[in-house]
Amino acid sequence: MAYEVKGVIASGKGEPVGISTVVVPDPGPGEALVAVQACGVCHTDLHYREGGIGSDFPYLLGHEAAGVVEAVGPDVTGLAAGDFVILNWRAVCGQCRACLRGRPWYCFATHNAAQKMTLADGTALSPALGIGAFAEKTLVAAGQCTKVSAAIRPEVAGLLGCGVMAGLGAALNTAGVGRGDSVAVIGCGGVGDAAVLGASLAGARTVIAVDVDDRKLEWARQFGATHTINSGASDPVEQIRELTEGNGADVVIEAVGRPETYQQAFYARDLAGTVVLVGVPTPDMRLELPLLDVFGRGGALKSSWYGDCLPSRDFPMLVDLHLQGRLPLDKFVSETIALDGVEEAFAKMQRGEVLRSVVVL
């Protein structure tokens with residue numbers, strides 16, 4: 001059996017997205033059919049539309065989602081129809097060298113559904129990050145479904161599927177922010193503000209938010225920033241040092257993904273401090289740093305991919321923290337929209353007007 005549903009399609013590089021009929025097959029071995037309830041509009045979806053990730057058009061966009069399992073295929077265990085799940089794009093294999101070394105959050109062989117969703121004419125679709133959740137239903141690998149408490153609202157839960165998890169994980173998992181640390185976050189969109197929240201949750205003494213937009217800096221204060229710096233008005237490196245007794249921050253998280261902001265992060269950290277890159281650069285970007293400075297300043301230069309998260313470990317824990325009132329995920333939701341509002345949501349994102357627009361189905 002196949003299902004005909006509505007989905008948001010990017011049909012060509014830079015072209016506006018549109019709604020088309022999507023044919024979703026019944027789940028096969030190791031797969032799950034999910035009725036999508038909510039899906040955040042992430043910058044990665046815009047990258048897909050603009051051809052910045054690949055050229056396998058048409059794309060079925062959307063990946064930051066939560067919903068209810070409708071059916072599972074043969075050989076699926078631990079997941080059943082009716083389960084409320086957050087979708088993830090790291091279905092760990094359990095067999096690669098990272099998994100076998102006890103580091104499944106680095107899994108080198110994550111997988112997606114084997115069957116293809118298609119347009120009505122049979123054209124195969126490429127689902128964004130193997131998910132494709134700007135649709136009423138989607139087909140994923142069962143390992144891409146993480147069961148969590150159904151008490152959380154879907155529009156909030158889905159945010160853990162990508163951007164918010166990336167920021168929280170950059171602080172909690174990759175940087176390992178500890179009690180009393182000083183932390184600076186450069187770039188205060190959704191990912192950056194999640195990093196601010198993660199640093200605050202971990203007990204950082206000082207959390208410095210850096211951006212060129214005063215509106216975003218005000219948002220950062222709502223997530224726990226103790227200080228803000230408008231880097232369009234002053235040198236952020238000097239300002240961060242002034243706020244950290246002249247030393248620089250113990251941890252600097254770069255959530256922009258540009259060479260110039262990475263250099264700021266590098267020089268704004270304390271000696272033996274840590275820089276974490278969670279902002280996503282484009283393929284053409286290059287970085288130049290004096291090798292002597294890399295050697296002489298010591299510490300660690302890290303990249304954080306998906307917040308180094310393990311969905312089965314992190315999603316339920318973070319949902320529980322939210323339900324206990326200790327993790328204000330709802331503050332990330334700027335608006336809820338319908339499927340036909342995705343293109344305008346991209347425009348609002350580019351203008352810096354929203355943290356997250358969330359499609360509700």
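Predicted model: local features only at pLDDT ≥ 70, side-chain atom pairs only at ≥ 80, totals over all residues.
**View 1. Helices H4 and H5 are oblique to each other.** Residues are numbered from 1 along each chain as its sequence is written, and side-chain values use heavy atoms, with hydrogens and water left out. Helix H4 spans residues 163-174 and helix H5 residues 190-201; the two pack at about 40°, with axes 7 Å apart. Axes are lines fitted to C-alpha atoms, for helices over the stretch in contact, and angles between N-to-C directions run from 0 to 180 degrees. Helices (H or I, at least four residues) and strands (E, at least two) are DSSP runs numbered from the N terminus. The contact (heavy atoms within 4.5 Å) involves Gly163, Val164, Ala166, Gly167, Leu168, Ala171 and Leu172 of H4, which meet Val191, Ala194, Ala195, Leu197, Gly198, Ala199 and Leu201 of H5.

**View 2. A cis peptide bond joins Phe57 to Pro58.** Omega of this bond is about 0°. Pro58 belongs to the loop between helix H1 (43-49) and strand S4 (59-60). Most peptide bonds are trans.

**View 3. Leu129 and Glu245 have positive phi values.** Most residues other than glycine have a negative phi. Phi of Leu129 is near 50°, and this residue sits in the loop between strand S8 (126-127) and strand S9 (137-141). Glu245 has a phi of about 60° and occupies the loop between helix H7 (236-242) and strand S14 (249-254). The relative accessible area of Glu245 is 69%, so this residue is exposed (over 50%; buried is under 20% and partly exposed in between, with a 1.4 Å probe and protein chains only).

**View 4. The side chain of Asn230 approaches the backbone of Val212.** Asn230 is part of strand S13 (residues 227-230). A polar atom of its side chain lies 3.5 Å from the backbone oxygen of Val212. Leaving aside residues up to four places away in sequence, Asn230 touches Asp211, Val212, Asp214 and Leu217.

**View 5. Thr118 is buried in strand S7.** The strand comprises residues 118-119, and the relative accessibility of Thr118 is 17%. Beyond residues up to four places away in sequence, Thr118 touches Thr21, Val22, Val23, Thr123, Ala124 and Leu125. Thr118 and Arg297 are 179 residues apart in sequence and, C-alpha to C-alpha, 52 Å apart in space.

Terms used: Polar contact = N/O pair within 3.5 Å; in protein donor to acceptor, adjacent residues only side chain to side chain. Parallel < 35°, antiparallel > 145°, perpendicular 65-115°, else oblique.
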